[in-house]
Structure formats: C-alpha cells, structure tokens
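Trainee: Please take me through this protein model slowly, and tell me what lies behind each word you use.

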Amino acid sequence: MQELVGALRSYAWGSRTALAQLCGRPVPSAHPEAELWFGAHPADPARVKDGDGRRSLLDVVSADPVRELGAVADTFGARLPFLLKILAAEEPLSLQAHPSSAQARVGFERENRSGIPVDSPLRNYRDDSHKPELVVALDRFEALAGFRDPHRTVELLRALAVPGLDVYAELLAAQPDSAGLRTLFTTWITLPAAALSTLLPAVLEGCVRYLSGKGPREFSAEVRTALELAEVYPGDAGVLAALLLNRLTLEPGQGLYLDAGNLHAYLHGVGVEIMANSDNVLRGGLTPKHVDVPELLRVLDFEPIDLPVIEPELDPDGGARYRTPAPEFALCRFDLTADAEPIVLADAGPGIVLCTAGTVELSQDGRTLTVECGSAAWISAADSEIKARAVGGAAQLFSACVGREN
C-alpha cells in the first residue's frame, strides 16, 4: 500500500471552495477546481509516493502488471480498468452521453484514421473504451439523467402554456415512445438560430409565469432548472433539451448509475465518481467545449427510463456496497467510528481507497499508512489483509476495486 496523490483538474464549472475545503487547503482556490483524479488514465494519472519521489500510477502498473493487478490483468490487460474521482460541480456540466464499447472502438479508429490528435479539443474519442459511471453524493447532488416518460413530458410542456410549444407537445403526445423522443430531441437540438431565438425566450417566459402561479407546482424543479441553465448558457438549445430529462436529487450516500447512451448533465454538488477507465464524452450543448450533435445522436439511447437512486447494500465486512452491472469497477463505502476495532478491506487490491472525511489509518503486516481527508492510497494485488480504522474521530472511506460477480 502506498500513498496516492490525485491529479487536480480545473474546469470552468468547478468550485473554488469544495475540493479545497475537503483537502484542507486555503479557501477560495485560485481557480475553479472541478475534479480530483485517482487513477491511471494516460490523460492525467495520479502519482504514487515512492520514497522521496513520486511515480505515475500508470508507470507503476505498466512496469509490473502481474504484481500490481494480479488476475485482473488476465481480463483487462496491463491497465487499471477503472478511474476514481472526486467531482465538485458549482455550475452545470455539459449535456452529454458516453458510447458503448463497440461505438467507442469504431469512433476511436475513425478519428485515428482522420489524423485528429488524441489531445485535440475537437476529439470525441480519446480511447477505445466505453464509460459506464457511478456517482455517489457527498452532499446534496443535483442532476438531469435519462429521458422522462413522454406522457409526463407532454404534461410539462402543456403546463408552461407557451403557444410555440403546442406543436411539439402534440408531436410527442401522438408518439409517446423512444421514436417520438428522438424526433423531438433532434428537432430541438438542431433548431436554426432564427427559430431558436424565437422559441427559447418564449419558453423561458412561460417558465417564469409557471413558477409565479398559485397552487401546487409539480414541475417546479424542472422549470427552475431550465431557467438556471439559460442563465449560464443563454441561447443554448440544450436548455430546451433539458426539459425532456428526469430531474434528480441525491442525498448524501445515495448513488446514480449511468450506462452507455444515457443523456445526462450533473448540475450541482460534490460526489465520488467511479467509471471505466475512459475519457470519451459526446456533448450536445451547455458547454464551451467541443459539441458534436450528429455523433451524440448516434450513441443516444432514447428509451424513456426512470433511473432509480441507488441505495447501498450492507456487505458482510461492514461496508456499504453500490451494486452496478459494470465489470470494470465496484465501490464500497465505510463509515468508521472513533475507537472502533479496525475493519478488514477484503477486496481492496488491486484498487484505491479514498478518505472523504476525518483521518484513516491503514495497516498491513506491521506497516501503517495515514490517509487524511481528500487523500488516497494505492493497494496492489500483492497487498492483502489491509485493515482500516478511524484516527481522532469518525471517518469515511471509499474502497474502489475491480467488479466482482453479482
């Protein structure tokens, strides 16, 4: 087991306080801090503390995959198959989806043949992997995810009482299924500028009227979100598209799993995120970054879904496990109490343990490693019987490893 230093990523939507506070650094930070990567992705690998120096986790794994990964290398090759992050969204992320494995392979090869550099901002596919992902809220976490039941969306559009929406509400009412959603989403996301400049302001005025009305406002969260998105991204067709998605709130400890093709946008909050070791993102709006609507339409799954909030299941070892179908990763949370007996992290290696509250002491064969809030440790496949205990008060620990049989 070795201390692991995360790679800090700065994006405009990040927070100047959340990650700095979590890691015990001065607040506010000089720049918005969006993500802290703990993994071995080539774009920004974490660093393993090795004596007086630091080595890339990517180099550590590549140098001795048998020791570091064990049997995992037989399935996934000489690479860590997941990427663990802490995400801090002060403003909404882009409207986006991730490809399936087959789509990622085809897209990656196509862009390679086209000569687009892997680090180009115009690149859609930076690797050949799919990117299922799970986010677990550390505080209240707001998101848009998956297409809502079309019948409910028709009710929402009609409730706004905007004449310009009537034709679209009737279109979806006549075909309340994935085909109808595809048609409406495609129409809105590709609206000519002149049409968008007329429709969008009228919709936003309808949103204001709706929230100002008397009586119950069952779509208040969805409508308020549209107004907030329009404030950050004025004139963006993604604001209209957001009206088609489920609006979710995760309380601390709850999770959300997203598979290939699920359109989503994280809105606000801090969470632990784990995903397949990929950086493939197809964006459709709500961002200054590269948007590729035709490619997004190729990968989207328009089947309406009611994405369930994932409640963790208690494991025999005392951890709270977040069950997903992804073979690349598994995530458990441990809430450690002061002065309690150490717990055994049975499935820790190969993997990463991340402290998100308090201070944790890891021990193995007489060796100890202190992991403070916002810090992590790399556990190789050769490490066994790792124990963890809280130091100086209660603590919270996440253990990320490769998926196991459900």
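Mentor: Let us begin with spaces: on a 1 Å grid over the protein atoms alone, a cavity is a set of points where a 1.4 Å probe fits but cannot get out, whereas a pocket is an open set with protein on both sides within 12 Å along at least five of seven lines, and lining residues have an atom within 4 Å of a point. The model is predicted, so local features need pLDDT of at least 70 and side-chain atom pairs count only at pLDDT 80 or more, while totals for chains, interfaces and linings use all residues. Residues are numbered from 1 along each chain as its sequence is written, and side-chain values use heavy atoms, with hydrogens and water left out.

Trainee: What makes a residue part of the lining of the second largest cavity, and which residues are they?

Mentor: An atom within 4 Å of a grid point is what counts, and the residues that line the second largest cavity by that rule are Leu144, Arg148, Glu222, Thr225, Ala226, Ala242, Leu243, Leu245 and Arg247. This cavity holds about 40 Å³ of space, where a volume is the space filled by probe spheres set on the points, which are joined across faces, edges and corners. Helix α10 (220-232) and strand β10 (245-250) each give two or more residues to the lining, and α10 gives the most, with three; helices (H or I, at least four residues) and strands (E, at least two) are DSSP runs, numbered from the N terminus.

Trainee: How many cavities of 30 Å³ or more are there by this rule?

Mentor: The count comes to two, and the largest cavity has about 110 Å³ of space. Its lining has 13 residues, with Cys332, Asp347, Ser399, Cys401 and Arg404 nearest the centre. Strands β16 (330-336) and β23 (395-401) are the elements that give two or more residues to this lining, and β16 supplies the largest share, three residues.

Trainee: How do you know how the lining of the largest cavity divides by class?

Mentor: Ala, Val, Leu, Ile, Met, Phe, Trp, Tyr, Cys and Pro count as nonpolar, Asp, Glu, Lys and Arg as charged, and the others, Gly among them, as polar. Sorted in that way, the lining of the largest cavity has seven nonpolar residues, one polar and five charged, while the lining of the second largest cavity has five nonpolar, one polar and three charged.

Trainee: What can you tell me about the lining of the largest pocket?

Mentor: That pocket is lined by 29 residues, and those nearest its centre are Tyr11, Trp13, Gln96, Arg283 and Lys289. Strands β3 (35-39), β6 (82-89) and β12 (264-276) each give two or more residues to the lining, with the largest share, four residues, coming from β12. The space in the largest pocket is about 460 Å³, and its lining has 12 nonpolar, five polar and 12 charged residues.

Trainee: How do you know whether Leu286 is buried or exposed?

Mentor: Buried means under 20% relative accessible area, exposed over 50%, and partly exposed in between (1.4 Å probe, protein chains only). Leu286 has a relative accessible area of 0%, and is therefore buried. Leu286 is placed in the loop between β13 (282-285) and α12 (293-299), and its phi is near 60 degrees, a positive value in a residue other than glycine.

Trainee: And is Glu385 buried or exposed?

Mentor: Glu385 has 52% relative accessibility and so counts as exposed. Glu385 is in the loop between β21 (376-379) and β22 (386-390), and although it is not a glycine, its phi is positive, about 55 degrees.
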